[in-house]
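Have a look at it first, and then we'll go through it piece by piece.

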Amino acid sequence: MTVLDVIQRSTDFLSRKGVESPRLQVELLLAHVLQMPRMKLYLNFDRALSEPELDTLRTLIRRRAEREPLQHIVGSTSFCGFEFTVNRDVLIPRPETELLAEQAWSFLATLTDSPTTVLDFGTGSGCLAIAIALKSPTTTVHAVDISESALVVARANVLRHGMGERVHFCAGDGFKVVDPSLSFDLIVSNPPYIPSAEIATLEPEVRDFDPRLALDGGTDGLEFYRLLAAQGRAHLKTAGRLMLEFGEGQQGEISALFTNAGWTVETVAKDYTGRERILIARPGD
Ligand SMILES: C[S@@+](CC[C@H](N)C(=O)[O-])C[C@H]1O[C@@H](n2cnc3c(N)ncnc32)[C@H](O)[C@@H]1O
């Protein structure tokens, strides 16, 4: 069977299984098996696949048909142009979170006092903490997560990017494990924000493969924002900022929550599809 035959047949198969963008998914899996950039497949449509290559590909396509995310199957994903190891223990980094990372390093670049310190609340794979450290050479990031298994992945990612000196992890429940003597220039967080009852309605790739701990934001999805609004200020410098990602449609409630708690909401930034997704607040005037 040739590259083109395999692409066509597997695309039909994944399409019948309800997988979105089936052709792209097949091409990415095939490129992974053949260890070549996806675009190179187009120059190799007539190349015949060996039996071992076909066997490997069939296994991967079957996994994808069962709605396992592509990123878990290939074991990594790109975030802010850097590769991060991912598995079932961490949320797969999302494109909208790249915007949060960009806002973070842009703000850090405006600070004249250096070195600077950042807290990443709920670090997961470590993607935000590590991308910020990579882009802000005088910044130290303290990253906390309640999931020990997520931190195993985050530590592997820190080693992968050689950031062990400037990214420090701490396991435990949010602010309870943050050193109270530290005062941060910036707190970033992409906290769990899905209302508990909505998790069952999500796509299987998310519902069955992202860790529940990374999704569940309590009854109304706002549990972690209440916590950050109530306790964040005590960990921030006076001129510091809090930058948070939130879910689609949560903007009104979240802005009100922070304003009522005495924060000044500076900006609500939109993602690449024009939806409001990032709140930037300072401790008050
Ligand atoms: C939505 S994920 C974000 C992961 C990563 N920052 C990202 O943007 O891809 C939220 C993370 O918060 C962590 N988390 C949940 N409850 C927590 C708590 N009480 N304290 C610290 N981390 C918590 C989860 O384990 C998960 O890794």
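Let's begin in a loop. Gln35 is exposed, with a relative accessible area of 68%; since this is a predicted model, that value comes from predicted coordinates. Gln35 sits in the loop between α2 (22–34) and α3 (38–41). Its backbone stands out too: Gln35 isn't a glycine, yet has a positive phi of about 55°. As a rule, most residues other than glycine have a negative phi.

Arg67 is another such case, with a positive phi of about 75° although it is not a glycine. You'll find Arg67 in the loop between α4 (51–65) and α5 (70–74). Is Arg67 buried or exposed? Arg67 is buried, because its relative accessible area of 14% falls under the 20% cut-off.

## A cis peptide bond

Now for the link between Ser114 and Pro115. The peptide bond joining Ser114 and Pro115 is cis, with omega at about 5°. In general, most peptide bonds are trans. Pro115 belongs to the loop between α6 (95–110) and β3 (116–121).

## The sheet

Next up is an open sheet of seven strands, in which the pairing is mixed. Reading across, the order is β5-β4-β3-β6-β7-β9-β8. Which strands stand at the edges? They are β5 (167–171) and β8 (264–270), and each has a single partner strand, so one side of each is left without a neighbour in the sheet. From one strand to the next, the twist averages 20°.

Asp145, for instance, has Ala171 in β5 as its bridge partner. Over in β4 you'll also find Thr139, which counts as buried at 1% relative accessibility. Leaving aside residues up to four places away in sequence, Thr139 touches Leu108, Thr116, Val118 and Arg166.

## Helices across the strands

Helix α8 (residues 148–160) lies across β4 and β5, and runs at about 170° to β5. Helix α12 (residues 251–260) lies across β7 (236–245), β8 and β9 (276–282). What angle does α12 make with β8? The answer is about 160°.

## Aromatic rings

How many aromatic pairs does the structure hold? There are five. One of them is formed by Tyr42 and Phe45, whose rings are tilted, with 5.2 Å centre to centre and 50° between the planes. Tyr42 is partly exposed, with a relative accessible area of 37%, and Phe45 is also partly exposed, at 22%.

Phe258 and Trp263 form an edge-to-face pair, with 5.8 Å centre to centre and 75° between the planes. Why is this pair called edge-to-face? Because its planes are 75° apart, and the label applies to planes over 60 degrees apart. Phe258 is buried, with a relative accessible area of 0%, and Trp263 is buried too, at 3%.

Elsewhere, ring pairs link Phe121, Phe175 and Phe224 into a cluster. Finally, there's a charge sitting over a ring: Lys135 lies over the face of Trp105, at 5.0 Å from the ring centre.

Note on methods. Residues are numbered from 1 along each chain as its sequence is written. This is a predicted model: local features need pLDDT of at least 70, side-chain atom pairs count only at pLDDT 80 or more; totals for chains, interfaces and linings use all residues. Side-chain values use heavy atoms; hydrogens and water are left out. Two strands pair if DSSP finds at least two bridges between them. Helices (H or I, at least four residues) and strands (E, at least two) are DSSP runs, numbered from the N terminus. Axes are lines fitted to C-alpha atoms, for helices over the stretch in contact, and angles run from 0 to 180 degrees between N-to-C directions. Contact means heavy atoms within 4.5 Å. Rings of Phe, Tyr and Trp (its six-membered ring) pair if their centres lie within 6.5 Å; planes under 30 degrees apart count as stacked, over 60 as edge-to-face and the rest as tilted. Buried means under 20% relative accessible area, exposed over 50%, partly exposed in between (1.4 Å probe, protein chains only). A charge sits over a ring if NZ of Lys or CZ of Arg is within 6 Å of the ring centre and within 35 degrees of the ring normal.
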